[in-house]
Amino acid sequence: MGMYPRHFQEPTMGNCSSMIMPQHLLPENNLHFNEGVMIMEEEKQLALELAMSSMDELVKMCRVGQPLWCQCKETGREVLNVHEYANMFPWTINDKNGVKQNLGELTRTEATRESSVVIMNSITLVDAFMDCTKWVDLFSSIIARARTIQVITSGVSGHANGSLQLMHAEYLFLSPLVPTRESYFLRYCQQNAEEGTWVVVDFPTDNFQNSFQSAHLPAYKRRPSGCIIQDMPNGYSRVTWVEHCEIEDKPVHQIFNNIVSNGLAFGAERWLNVLQRQCERLASLMARNIPDLGVIPSPEARKNLMKLAYRMIRTFCFNISTSNGQSWTALSDSSDDTIRITTRKVMEPGQPNGVILSAVSTTWLPHSHFQVFDLLRDEHKRAQIDVLSNGNSLHEVAHIANGSHPGNCISLLRINVASNSSQNVELMLQESCIDQSGCLIVHANVDVDSIQLAMSGEDPSRIPLLPIGFVITPVDPTLSRTSPSAHANKDANPANSPNPETKSNPGGCLLTVGLQVLASSLPSVKLSLSSITAINNHLCNMVHQIGLALGAGTVSNDAPLAVASTSGEAAAGETKVTADQA
């Protein structure tokens, strides 16, 4: 395509934002589950009985206050009283033979509850929860992959009411430092017409003959979890969400330790924040009367551009996590190092054939996630950071608002470089989103022909994209003093940990940067050490310049900037990654 100007100094490296990922990121044959796993015919009645008891438990978990849920004085968050829970729901602790069920001694419990109003009616929400494809689309930054394995009951008169399904899903956090979680579960849906509510509950598969546990990930079991959806006027719904699980207590990198152990990484607050934002995005996608700025010629062109941006976001989230068994390599032996790299072979049509090299790092910054978000999403401010702008300015030529916050938007940006002409225009597609649980800014270079193809109504699923981006996670300073929502069986944050989240920590945020480059067009090539060194240096330089830009502005904070790695050349020299690892 001849439109990728941003090259690293190392000639063997490809361009950070010049190539593609496919629309269908989740090949069915790579989903880790046993094809033969099913609920036996003689077990279906038991499954229905467990569905009813799990639904009753979820309703109580959503509605009952003290003593089941208590408010932590330190943080203001709700804490589950595990002893009261065991007394109130003894049937969920024991299996059908009265034997206590757990994953082993080294486990902890996470339990969180949250309630919020979303701009979607209950029927549409329920339909999305019971349709696996729609469910993944709704929570694309949380669900890596999911599949409905078996429909046990299909509901009443073709509706979701009374539907019971056996499902499998893998859940991700936006960093390779946090392992994904994978589980089999049963999902049941029931309507209460008198109350105007729907209940969607997931419950574990402990009581059945088949073994449903995946062996390659930490043991993970969702106790009855889900939501109550209450109809409200004007197409809105109030959703009350409970996430309750047992998880094998395996080590997590210290920089994310408190966020994971306190239930924030996979808890109810994150699910509801994403749901709110995605409902606003879908409302914008379907709207016909929202004025857009710039060169978008029609509602159909607008919809296609939004679909293209969605695929970009989905690609980025999937490829910076450990989903699908993707392994990552540290560049040093230091426990403080957060830089991870990986390679993958790409052979599918519509993508660059060859080896993609990815690098991700996470850094603590002494600034709020709102401040960092404002710097990185604004094309004028970002142009001041040389490593991000490559000395070029950006000009917004199209803008789509897709949320109530002005930062929730899609932008088409013209890259102003000397080589631009009427025949050669460089464009960048960017989507940014923000909520209380964090921020996401993702962008990718696209050519004019691809954008014109999308806006003319053609299928945008094969337009080449290889996104890079930023994940900004707020740090709650109270988490270092207490463990509010996770209810761990043991202390998951040792006092001698060098985690920046200490008692004196003012909060701040964690900035995760993810880069992807086409390292070689030959799928069998072995990557040179210089390729790894180049992307490592670029990543470290990017993090350093972002920190300087924040410190030099109007925002000031005396807390030190903890850069993830300062010696990219030395670190890269300790590891050699080959394409065989892809």
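Setting aside neighbours within four places in sequence, Ser-163 is in contact (heavy atoms within 4.5 Å) with Met-130, Thr-153, Ser-154, Gly-155, Arg-187, Tyr-188 and Cys-189. This is a predicted model: local features need pLDDT of at least 70, side-chain atom pairs count only at pLDDT 80 or more, and totals for chains, interfaces and linings use all residues. Residues are numbered from 1 along each chain as its sequence is written, and side-chain values use heavy atoms, with hydrogens and water left out.

Ser-163 lies in strand 5, residues 163-171. Strands (E, at least two residues) and helices (H or I, at least four) are DSSP runs, numbered from the N terminus. The side chain of Ser-163 reaches the backbone oxygen of Thr-153 at 3.4 Å.

Val-252 sits elsewhere in the chain, in the loop between strand 10 (237-248) and helix 6 (257-261). Its C-alpha atom is 7.7 Å from that of Pro-179, although the two residues are 73 apart along the chain. Beyond neighbours within four places in sequence, Val-252 is in contact with Leu-177, Val-178, Pro-179, Asn-257 and Val-260.

Both residues count as buried. The term means under 20% relative accessible area; exposed means over 50%, and partly exposed lies in between (1.4 Å probe, protein chains only).

| Residue | Relative accessible area | Class |
|---|---|---|
| Ser-163 | 4% | buried |
| Val-252 | 19% | buried |

Next, a helix pair. Two packed helices are described by the angle between their axes and the distance between the axes. The axes of helix 7 (residues 268-286) and helix 8 (residues 299-319) come within 9 Å and cross at roughly 150 degrees. Helix 7 is therefore roughly antiparallel to helix 8. That label applies to angles over 145 degrees. Axes are lines fitted to C-alpha atoms over the stretch in contact, and angles run from 0 to 180 degrees between N-to-C directions.

From helix 7, Arg-281, Ser-284 and Leu-285 meet Arg-302, Lys-303, Met-306, Ala-309 and Tyr-310 of helix 8. By class, this contact has four nonpolar, one polar and three charged residues.

Finally, the whole chain. The protein chain has 14 helices and 20 strands. Of its 582 residues, 58% count as buried. Among contacts with a separation of 6 or more, 72% come from residues 24 or more positions apart. The chain exposes about 23400 Å², and carbon and sulfur atoms supply 50% of it. Accessible areas come from the Shrake-Rupley method with a 1.4 Å probe.

Conventions
A polar contact is a pair of N or O atoms within 3.5 Å; within protein, one must be able to donate a hydrogen and the other to accept it, and residues adjacent in sequence count only if both atoms are side-chain atoms. Angles under 35 degrees count as roughly parallel, over 145 as roughly antiparallel, 65 to 115 as roughly perpendicular and the rest as oblique. Ala, Val, Leu, Ile, Met, Phe, Trp, Tyr, Cys and Pro count as nonpolar, Asp, Glu, Lys and Arg as charged, and the others, Gly among them, as polar.
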